[in-house]
Amino acid sequence: MRTRRNPSSRIGRRPTTTRDRIAAVGIDLFATRGFDDTSVDDIAEAAGIARRTFFRYFPSKNAVPWGDFDAHLSEMRTLLEEMPDDMSMLDSLVSAVLAFNTFPPEVAAGHRRRMKLIFEVPALQAYSVVMYDGWRKVIAEYVAARLGLDPGDQLPRTIGYLMLGVAIAAYETWLTDESLDLIDLLSNGSRVLHTGIAELPPPTTDRG
């Protein structure tokens, strides 16, 4: 008696195509060949997909290092929405940013490669501005909701830029030294928001 073969058990079946899998393949190629020397066709071939399939997931190769960024933004919104009502707005923002940037140790190397591309490849800088804008707007929307303001008002915009600045400075520092802990850097940067620049201690040495 013949039994029907489960489609998932077919020999030679290609791995499931996902945005994150294509991104991982692309990042590997960027790291080994260089961003400028890697084409969309190279990524599609390495991922085992057609060129047109690539464009179902990404508008260009510049978007590849960001992976499924819309999903990440949704995660950030959820983290903020789940913060306790009795927690201060700043503590809620910092807690959400720390949780958003917490990942298992086994993916740290891959995440570092991804962020190194985003921060250091000149061709990615313009696209990064668009991505940062989306992240910053999530912060501004949360702040506006807490304060009864419009996300486009100056205060929510300002706080969005402040939180983005903390994150960017932490990542830039993290990428310079593999022994540094990203969460510690984010926490240290966030302390400036708690105390304010005016409360920073005076310099301890004469810098000339």
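Arg136 is buried, its relative accessible area being 7% (buried denotes under 20% relative accessible area with a 1.4 Å probe and protein chains only). The model is predicted, and local features require pLDDT of at least 70 and side-chain atom pairs pLDDT 80 or more, whereas totals for chains, interfaces and linings use all residues. Residues are numbered from 1 along each chain as its sequence is written, and side-chain values use heavy atoms, with hydrogens and water left out.

Arg136 lies in helix H7 (helices are DSSP runs of H or I with at least four residues, numbered from the N terminus). When neighbours within four places in sequence are set aside, Arg136 is in contact with Gly160, Tyr161 and Leu164, contact being defined by heavy atoms within 4.5 Å. Helix H7 comprises 23 residues and spans 32 Å from its first C-alpha to its last, close to the expected 33 Å at 1.5 Å a residue (the expected span is 1.5 Å times one less than the number of residues). Among the buried residues of H7 are Ser128, Met131, Tyr132, Trp135, Arg136 and Ile139. The cover over the buried residues of H7 includes H4, H5, H6 and H8. Gly148, with a positive phi near 70 degrees, follows H7.

The axes of H6 and H7 come within 8 Å and cross at roughly 110 degrees (axes are lines fitted to C-alpha atoms, for helices over the stretch in contact, with angles from 0 to 180 degrees between N-to-C directions). H6 is therefore roughly perpendicular to H7, a description that applies from 65 to 115 degrees. At this contact, Ile118, Phe119 and Glu120 of H6 meet Gln125, Ser128 and Tyr132 of H7. By class, the contact has 3 nonpolar, 2 polar and 1 charged residues.

The largest nonpolar core contains 36 residues, of which Met76, Leu80, Leu93, Trp135, Ile139, Met163 and Leu186 touch the most other members (a nonpolar core is a set of buried Ala, Val, Leu, Ile, Met, Phe, Trp, Tyr and Cys residues joined through side-chain atoms within 4.5 Å). Two or more residues of this core are supplied by each of H4 (69-81), H5 (89-100), H6 (108-120), H7 (125-147), H8 (154-174) and H9 (182-195). H8 contributes the largest share, 8 residues. Apart from its neighbours within four places in sequence, Met163 is in contact with Leu93, Val94, Val97, Trp135, Ile139 and Leu193. A second, separate core of 19 residues includes Ala23, Ile49, Phe58 and Leu124.

How values were computed. Buried < 20%, exposed > 50% of the residue type's maximum accessible area, 1.4 Å probe, protein only. Parallel < 35°, antiparallel > 145°, perpendicular 65-115°, else oblique. Nonpolar A, V, L, I, M, F, W, Y, C, P; charged D, E, K, R; others polar.
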